[in-house]
Each structure stands twice: as structure tokens, then as C-alpha cells.
Amino acid sequence: MSNVQSTPYSQTLSNWKFKAIDEQEWLDAQVPGTVHTDLLAHGKIPDPFYGTNEKDVQWIDKKDWEYISTVSIEEAVLQQSHVELVFHGLDTYADVYLNDQHVLSADNMFRTWRAEVKGYAQAGDNTLRIVFRSPINEDLPKLEALGYPLPASNDQSDVGELGDKRVSIFARKAPYHYGWDWGPRFVTSGIWRKAELVAWSDVRIESIHIRQDQVTAESAELTAIVQIYSESERKANLHIATENENWEQQVTLQEGTDIIELPITLDNPHLWWSRGLGEANLYTFTTTVADPASQETLASQQVRTGIRSIRLVREQHEDLPGTSFYFEVNGVPVFDRGANHIPNDSFSPRVDYGRYLHEIVSAADANMNMLRVWGGGIYENDEFYNLCDEYGILVWQDFMFACSMYPGDEEFLDSVQAEAEDNVRRLRNHPSIALWCGNNEIDSAWSHYVEDGGWGWKKDYTAEQREQIWADYEAVFHELLPDVVQTEAPGAEYWPSSPLVDLTGDENQHARSLTDSGDIHYWGVWHGSEPFENYNVHVGRFMSEYGFQSFPEYRSVRTYAEESDLELESEVMLRHQKNGAGNRLIKEYMDKYLPEPKDFPSFLYMSQILQAEAMQMAIEAHRRNKPYCMGTLYWQMNDCWPVASWAGMDYFGRWKALHYYAKRSFRDLAVSVDGTSGEQFDIYAISDILSPAALTLRVKVLGLDGGLYKEIPQSFHLAGGDCVKQVSLSRDHLLDGVAPEQAVLLVELEHEGEIVDSKLNYFVPAKDVVLEQPNITLTETTENGVSVIQLTTDKLARQVWLSADNTGEFSDNYFDLLPGQTYTVYFRHMAAVPRRNAQQPEYGARAAYFMPIAAEGLKVTSMADYINV
């Protein structure tokens, strides 16, 4: 449900046409949309994602564009006191004209823009025209006026044929539009969110905030803060209702805007919990303003929220070094498991409810409980946050600033202020919002000392320039943004930058030696070419970024490349690898850790295995260090185009090996084996559930033929939320004379008679495991309406990969299979069910579910098919 208010009249503005200012031909336009997608729809440009076409469409952002629509308005609408144009997103520099009269100028794509047009509108047809000025031509003069460039390392100005002139920092526009090290450069223009005509009279509810003052299991003390506009002074009844409870207060509205606070108490509230800890219960509050005499409804609005307390806990503890960094939901410390989210498309209006649904259901299905909305993208559509609310996915929400220094002039600060107010107000009722974060990586990038984790930016500036740039930084991230959060969402948590050690605002405080506090982005593995094993060494209090790249699978690659392009250094492959060293690093690490792939399609498959193995090592190292470490968010969840990247799901939503691995490594009850030393295996039991659990640990040494050499069972109790090193066993004791290359270590965790987790470990490095071609037997049946796939093998089958021609996901994939085992997997696709209805709060909160279907063109392969055996 959107939190957009009810109005007496609302008309969605459609039937648009567009053209370049210097051209004559008008073409049909899709709204919401972009110039790029409209040009593509008319065949005026090639598919920007295909081959090397990105470089051929850079001319678009140098032109001015205009959109036009005929808006039919009835006389009755004009009788209302107020007639407004409302644009929920204009990208970016836009002038709006109604009947040739200028009514609005916009300069920030993240804002909602309103224009009172009663004085310009007429009964019948009205001509609405919007001129979008080139964001490049608009901002080049600002760069020249500044006199020196500001850092913007991901701005691919060279791709945009601008040389080193990086202008992205001047526009309040999605930073990733200008390119990133995983994304293309498409600097868009257009009406990117809904446009509408609204009309109303007398009274309007402008906003409602359900402030949560004190929440316990016994009682929720809330305050409904209602902002109401009235055309005249008048008495009114303010009525708020939810489920079977309601509250009413008689108020006197002044002429203009009033803010009225109404205390609300809910006894024994149904609390909202993050995934894994309980139900994500939601309440819908209906607010009505009525005439006290006639009881006529003057205005009404609904908002939905979940009742919960949430706190960022930064405290010192005598048993742990430094300062904690974790989130507490309803008084319970939460270990956050998840990933960083980027926009799902380079052209964000193409992202519909179904794509959001797929991402959030995929996150929940992979046992995640947090996504970080990264600061180089967009403040996401309402659907994204609604789904996070419904599935219990916490949201770390960045403001849209990333990897750049920004100007601090009055005009820029005013725009940022309005942007922040708009978006905090829009999102503050979502229970999933756990944190507002000022920016991504700017604090650390400014650090002078590269060896201490900074990017060394400030060394390129004079002392006077450094002072000004840092003062501008502090004005935005240590003054303006925290003030907006505190004013618009009192009690919400704010963190100035990620990563960050402390709140001091000291520009020299980001030093690697201080990782015992704050959140950490660890990129020694990947950017630093450090070994995977360093994931076990560099563990901070909250790991908010780390990652490793892979390619998408073959059928995804073929959407942008021909067979002749399937070579690591081909122009197409390099165009679809935005990290300059990316392909080299993948190959370098693959040579170190995995057998050599036999051809390029095999390289694609092996790259996914490599990525997944790296991320499993990182995730489990973080979880084993609980409660010192209380969060692990890998980079990244998704892609905005088909590309080699750090994503766990590719652009088409296909789960890579990483997403399946993450699903296993993020289990609520988990077992983890640390065999880093090669001589000893430390086995941990990990709980992220509230209640204690009676568990059985089974440590087994098996032969490659599946035969059992040794079994060591152990029963124990694990407290809720605990992590315990349960047993340490030496390699020699486990093998007991068995040749290491002929054995595997299987560790199973059993709870209430069911194996809830298991990990298979090898006694030799992965590239030294001798593989023969297995004969994998596959049977697919339907049992009680469920599609069931059973697999067996006659020889060790590593990294068994199931694929199907039709759209769907497997319950598990990329797993190892031993002789004597029967492994069962389910194939299913996502089916949408009716979205939660505000009038039916008893309806289940989940907006979709996985349902079984038969896998068409089912295929099974393993690592032996991709190497020379």
C-alpha cells in the first residue's frame, strides 16, 4: 500500500508524446518512462544492453527533450478550490507548462513536485508540456565555475565522451546513471514516476506519522502526528481507527497547516518482527477528519505500519574490544544477514511489482533478514518497502550519495534538504526501515592515508580546498541530514557514512586499526588480491560490504553476446565488465583455487562456483565471530543489466551459485566448519532463533565412494541467539590413516529429528580433488501436488547444477553429491497472491509464495562436465 493520501479527485496523466527539442516528429511515450526506453520502443536506437551499444547512445544525454499531453478536465473539477499537477518523479532538470504558462521548474529527480494550476486550467482539453534540459549541458558550467574537479571516481565521463569532466556530483539524480564498476552509463531524462492531476477543497490531510514512543509486548505507546491543511478556521473531529480500536479528538483547525498529535495506546500489540524471529505483523491506521455537526468526512488517509522498537546499539562491553554495532528489534539483538541492493534496472521505470516481488521473496527464501539500499541508486518505489515490511526484511537505507565529494552551495543544500524531507516523510512509517545512512564510502575515500583504508582523495587538493570540501561534507552529512531525520522521524537511527568508525566527524578517524568499532567494507579479497582465507582474519563489528565477482550463466550472457564474442578479452566481454581488473582477477583467483575450465561456457560456470565459495567463507567467518560481529551484508544482491558483477542474482533474476550458497550459509540454525589451518577443524553451532534448541552434531568421515569411515555424534543444548565452538578435531584424528584425497568430512546438525544444516569439507584443496565423470540419475515425480526431483550418483559429483528451460528456482542447487546418497530437490516458480488488503488485516502478510511446477528441459551437470577429466 502506498502512503499517498486520499483525495476527492485524482486523474492519472497518460497519453504522452515526446521528441527532441530540435526535431519535428512526435512519438508516443510511455509514462512512467525514460527517453532511452521510448527511443528503443520506436526502434530509434539499438538495444543499449546488447554488445557494445552502450557507447552508441551517449548522444542522448546531450540533447533537450520535451513531452506533451492533452489533459481533459471537467468543469466540476475546476469548481474545487485547489487543482494541482503532482509529479512523483521528474528526471531531472524540467520546466512544466500548462496551456503555455510556466507552472513549475524541477531540479531533483528524487522529489515529489506539486504545482497549483487552477488559475491556468480550463474546462475541456488542456495542453501539458514538459521540457527536460540536458543534465550534461546543465552541469558543465557548474564544474567550470567551481574551478577544480570534485572526486567522482565511478563517473564514467570518458564513456560519455566528456573526457575527465565528471559532472554527476552537481545533479540530484541517481549516481549510477553516470556509470559504476558494475553498471553502464545511461544518463536518462523523463517522467520516471507517476504524474497526476488532483483536485480538492476545504481540508486535506498532508501526512500522517505513527510515531512509536515506547513499545513492549504488553503495550505500545504511539502518537499519531497528523498534518492537516484547512482553508479556514473550523472545528473538526479527528478520528483514527485500526482493527477493532479507535481514538477520537475534537480539534480546532486554523487557516493553513496544523500539526495535531493524538496519543494512541495499543494493549498487547501484535509486534512486527524481522524474518526468523516472528511474524511481520502489520496494522493499517485509517485517519478521518469530519465535520462535528454533520459528521461529513472532509478528508481521509490510510497508512500501514508495524509496531516494533528498533535500536542501533553502540556500546562497550568488558568482554569484547571496541564498541558494538548491531540492531535490536523489540529488545532482541539481531544478527543481520543479507546483501546490498542496487536498482533492478538501468531504466528504473521498467521495474514493476513482479520484479520487486521476485527480489524480496528470493531474499526471504535465502534466509536473509536485511537489505541495504545503497546510496548510488534511488530511493526505491513504495512496492519495495511494502514487500520488505511484509516479509520481515530490515532495510538499511542510504541517502543517495556515493563515492563522490559534493558541492555545498546554498542552492545545492536547499535541494538536498527538500529531497531528504520528501523521502523521510514517505518512508518513515515502514517498520522495515532500521537505519538512515548519510552516504556510501565518502568518509573513508577522503582519508589521506591509503594504507589505512582511505582512497587518498584529499592529498590532491590545497589546504584551502580541503578545508572547503570537508566543510561542505560536514554540512550535508553531519548537520543537514541528521537534523531532517530527527525532525521528520524522531527516534529513527542515523549513521553519517558507511563504513565509519565513530560519529566524531573527524576527517582522519577512518583507520584500519580501528575496526573494533563501527561498520566495515572489507575489499582486501578482490580489489587487494588477498587470499580467500583472509576473510577469516579481517572481521569487524558489522560487515556492511565485501564481495567477489562472477559471470552470469551462459543463456544470460548470450542475451548480449554472440558466440564469436565468448572470449575473456573480447570487446563485448570487456564492455560488460565494468571493473577494470575484473576479468583478470576472476582468472587469477580461479587458477589459485579451482581446476581449469575446458572452454568459455565452462569458465562462466566455474566463475560462479569461485564466487560462491568465497562468499561462503566470508559469511561463515562473520557468523562464527558472533557476538563480536553482528552483521554480514555481501555486495551485491542484484544487477541493473546483464553483466559480470558481484551480484548473487543476475539481471534476469536467475539465482547464481552464490544465492544458493547464501541460502545455506544464512540458515537460522547453522553449523560452520573452520578448517583454515589445514591441521584442525573447529566446528561451530550457530543460532539466530529466540528459543533454546536441543541439537545433535554428527561429524562423519566418508570415503569418496560414500562409505563411512568414522562417526562422532554429540548432543547438546544451544541457547537462543548463541554461537558456540562445539568441538575441535585434528586432521590426523579424523583421517586416522585414511588417504586425505580419498575422504571427505561431513558435519550434520540435527534438530527435533531433522537435519537442519550440513557442511561437506575436503581434506585437500578443491583443485586437488580428483574427479571422474559421474553418472547422475535423476527422477522427477509429483507428490501431493509437489514437484520432486531425486538425484543419485555412482561417483563423487561436485557442484551439481540443475537447470530448466522454464522460469523457476530450485530449492537447492550447486551442491556436492556422494554415492549412496539420495538428494531431493524441489522445483517451483513464484506465484503472486492478492496483496495484503488494508481492509482485511487478517490476511496473511506474505504477498507471494513458491508453488511447484514441472521442470521443462530439466538438465543436470556437475563440475566434471566443465573441466578435462
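Predicted model: local features only at pLDDT ≥ 70, side-chain atom pairs only at ≥ 80, totals over all residues.
1. Three strands make up an open sheet in the order β44-β42-β47, and their pairing is antiparallel. The edges are formed by β44 (815–817) and β47 (859–861), each of which pairs on one side only. From one strand to the next, the twist averages 40°. If you want a place to look within the sheet, take strand β42 (residues 797–803), which pairs with β47 in the antiparallel sense over three bridges. There, Leu802 stands opposite Val860 in β47.

2. A hairpin is next on my list. Strand β38 (residues 743–751) runs antiparallel to strand β39 (residues 754–762), and eight bridges join the pair. Glu750 has Ile755 of β39 as its bridge partner. Two residues lie between the strands of this hairpin, and Glu752 in the turn has a positive phi of about 50°.

3. Helix α12 (residues 600–624) has 25 residues and spans 36 Å from its first C-alpha to its last, close to the 36 Å expected at 1.5 Å a residue. Of those 25 residues, 21 are buried, so α12 is largely enclosed by the rest of the structure. Helix α4 (residues 353–365) has 13 residues and reaches 18 Å between its first and last C-alpha, close to the 18 Å expected. Here 11 of the 13 residues are buried, so α4 too is largely enclosed by the rest of the structure. The buried residues of α4 include Tyr353, His358, Glu359 and Asp365. Just after α4, Asn367 takes a positive phi of about 65°.

4. The aromatic residues deserve a point of their own. Searching the whole structure gives 60 aromatic pairs. Phe327 and Phe542 form an edge-to-face pair, with 6.0 Å centre to centre and 80° between the planes. Phe327 belongs to strand β23 (residues 326–329), while Phe542 is in the loop between β30 (520–521) and β31 (543–545), so this pair ties together parts that are 215 residues apart in sequence. Both Phe327 and Phe542 are buried. Elsewhere, one aromatic cluster is formed by Trp523, Trp526, Phe532, Phe548, Tyr589, Tyr593 and Trp646.

5. Two arginines sit over aromatic rings. Arg111 lies over the face of Trp113, 4.1 Å from the ring centre. The charged end of Arg172 is placed over the ring of Phe401, at 4.0 Å from its centre.

6. What does the side chain of Arg185 reach? The residue is found in the loop between α3 (135–146) and β11 (190–191). With a relative accessibility of 1%, Arg185 counts as buried, because the cut-off for buried is under 20%. Its side chain reaches the backbone oxygen of Gln156 at 3.5 Å.

7. Arg425 and Glu488 are 63 residues apart in sequence, yet their C-alpha atoms are 6.3 Å apart in space.

Key:
Residues numbered from 1 in each chain as written. Heavy atoms only, no water. Pairing = 2+ DSSP bridges. Helix = DSSP H or I, 4+ residues; strand = E, 2+ residues; numbered from the N terminus. Expected span 1.5 Å × (residues − 1). Buried < 20%, exposed > 50% of the residue type's maximum accessible area, 1.4 Å probe, protein only. Phe/Tyr/Trp six-rings, centres within 6.5 Å; stacked < 30°, edge-to-face > 60°. Lys NZ or Arg CZ within 6 Å of the ring centre and 35° of its normal. Axes fitted to C-alpha atoms, helices over the stretch in contact; angles between N-to-C directions. Polar contact = N/O pair within 3.5 Å; in protein donor to acceptor, adjacent residues only side chain to side chain.
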